[in-house]
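Please read it alongside the coordinates.

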Amino acid sequence: MKASWMDKFGGRGKLIQILIIAVLILGVLPLFSDIFRLNLYGKYLTYAFVAAGLVLCWGYGGILSLGQGIFFGLGGYCMAMFLKLEASSPENTAIQSTPGIPDFMDWNQLTELPWFWQPFHSFTATLILIVAVPALFAFLIGVAMFKRRVGGVYFAIITQAIASIMTILIIGQQGYTGGINGITDLRSLMGWDIQTDFAKYVLYFACCAALILCLLAGQFILNSRYGQLLIAMRDQEDRVRFSGYDVANIKIFVFVAASVISAIGGAFFTLQVGFMSPSFVGTVASIEMVIFCAVGGRLSLIGAAYGAFLVNLAKSSLSESFPQLWVVAMGALFIAVVMLFPRGLAGLVSDYAAPVRNWFASAFKRETVAASGPETRPSAPKPPESKARDDVSMASAQESH
């Protein structure tokens with residue numbers, strides 16, 4: 001029973017890897033980092049949600065999406081709308097010409113709250129919409145594209161175009177979305193000040209716990225019957241279709257699942273950073289998210305999480321010292337991944353760390369056998385089938401005599 005339970009999440013090896021990353025982000029980083037760095041690391045980990053979603057969508061489903069920033073931004077904007085409404089109470093906005101609405105709406109001469117902002121007065125409705133809005137949008141895109149058998153590079157270009165359209169739409173509707181500045185000045189969550197050091201610690205640990213749950217959910221999907229269909233569809237789509245499966249529905253499901261995971265990361269990003277802007281929705285951010293996944297390994301959920309964290313850490317370190325060099329370094333990194341280690345960091349670990357681990361395991365096994373001494377194995381009992389055959393042969397021999 002225990003082994004079968006582990007197999008649902010990829011076996012003992014995968015669970016140990018998830019346990020290691022849990023120890024690193026929940027124990028090691030908080031122990032050796034101040035609150036500023038820890039908050040920065042929490043921001044990096046929000047991108048790991050998107051990278052994990054891309055592993056499902058791109059690595060195992062063969063669907064390259066260059067617009068995952070759309071869903072990351074939708075989740076972030078949903079959370080930002082709730083926080084902004086809480087910060088825009090009539091008491092806090094008494095100096096405005098129209099109290100009770102966000103400040104950017106008042107600057108753009110809006111006199112009442114738009115209808116699509118109304119549900120975000122409720123925190124429960126906000127949590128539902130963080131998942132439902134990106135899922136519905138991804139479902140509509142998936143039905144429009146996959147039912148018409150649009151895939152490959154065409155799907156990648158279309159998602160990139162949609163990301164550009166979303167950015168233009170958010171910037172153009174400044175009175176409803178905050179424009180190019182985004183939704184800023186977010187201070188409290190249900191009366192709880194999220195800018196204090198204690199709140200930053202709590203939000204960091206909540207983000208880490210959600211990431212671990214998403215990794216477990218991803219492993220569960222990949223090791224289910226659906227995961228086998230996903231891999232078969234990636235390798236032989238026509239054969240899966242001729243076997244009677246609806247390939248479009250398989251693609252729609254994995255695309256929606258990746259969008260929901262990305263949206264959860266966007267919501268935590270808003271809580272960690274305290275704002276959301278259209279710069280995290282556009283094509284540049286979406287392509288960077290693909291690079292995070294590629295560097296970590298597009299066939300490894302855990303590797304993608306490491307890749308997102310390490311690339312963002314390198315980005316911050318290099319951009320602080322060489323601001324103009326980082327863009328070139330990012331492009332060089334992507335080229336190096338494609339040409340030198342196409343399976344990413346996870347592939348390097350499996351190529352070089354696995355032989356070392358196997359050598360230690362075999363050496364430990366030899367020492368254990370040597371310490372216990374030679375053992376005599378009892379002879380295996382004869383199977384009932386062979387015994388029955390011997391009885392039949394003896395009976396036939398007696399009859400012949």
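Which backbone oxygen does the side chain of Gln272 reach? That of Leu203, at 3.1 Å. A polar contact here is a pair of N or O atoms within 3.5 Å; within protein, one must be able to donate a hydrogen and the other to accept it, and residues adjacent in sequence count only if both atoms are side-chain atoms.

The model is predicted, so local features need pLDDT of at least 70 and side-chain atom pairs count only at pLDDT 80 or more, while totals for chains, interfaces and linings use all residues. Residues are numbered from 1 along each chain as its sequence is written, and side-chain values use heavy atoms, with hydrogens and water left out.

**Overall**

The protein chain has 17 helices and 2 strands; these are DSSP runs numbered from the N terminus (helices H or I, at least four residues; strands E, at least two). Of its 401 residues, 46% count as buried, where buried means under 20% relative accessible area, exposed over 50%, and partly exposed in between (1.4 Å probe, protein chains only). Among contacts with a separation of 6 or more, 75% join residues 24 or more positions apart; a contact means heavy atoms within 4.5 Å.

Gln272 is found in helix H12 and counts as buried at 7% relative accessibility. Beyond its neighbours within four places in sequence, Gln272 is in contact with Asn39, Gly42, Lys43, Thr46, Leu203, Tyr204 and Cys207.

Cys214 belongs to helix H9 (residues 197-222) and is buried, with a relative accessible area of 12%. Not counting residues up to four places away in sequence, Cys214 touches Phe49, Ile261 and Ile264. The C-alpha atoms of Cys214 and Ile264 are 9.3 Å apart, although 50 residues separate the two in sequence.

Helix H6 (residues 123-146) spans 34 Å between its first and last C-alpha, close to the 34 Å expected for its 24 residues; the expected span is 1.5 Å times one less than the number of residues. H6 bends by about 35 degrees at Leu129, the bend being the angle between axes fitted to the seven residues ending there and the seven starting there. Buried residues of H6 include Thr126, Ile130, Pro134 and Phe146. The buried residues of H6 pack against helix H4 (68-87), helix H7 (152-172) and helix H12 (247-273). At the start of H6, a side-chain oxygen of Ser122 comes to within 3.4 Å of the backbone nitrogen of Thr124.

Helix H2 (residues 11-32) has 22 residues and reaches 31 Å, close to the expected 32 Å. H2 bends by about 30 degrees at Leu24, and its buried residues include Leu15, Ile18 and Pro30.

**Salt bridges**

A search of the whole structure finds 8 salt bridges, each a side-chain nitrogen of Lys or Arg within 4 Å of a carboxyl oxygen of Asp or Glu. Some of them are listed below.

| Pair | Closest N and O atoms |
|---|---|
| Asp103 and Lys84 | 3.3 Å |
| Arg234 and Asp235 | 3.0 Å |
| Arg241 and Glu237 | 2.9 Å |

Asp103 lies in helix H5 (residues 103-107) and Lys84 in helix H4, so the pair ties together parts 19 residues apart in sequence. Lys84 counts as buried at 3% relative accessibility. Arg234 is partly exposed at 30%, and Asp235 is partly exposed at 48%. Arg241 and Glu237 both lie in helix H11 (residues 237-242), 4 residues apart, about one turn of the helix. Glu237, Asp238, Arg241 and Lys251 are linked in a network of salt bridges.
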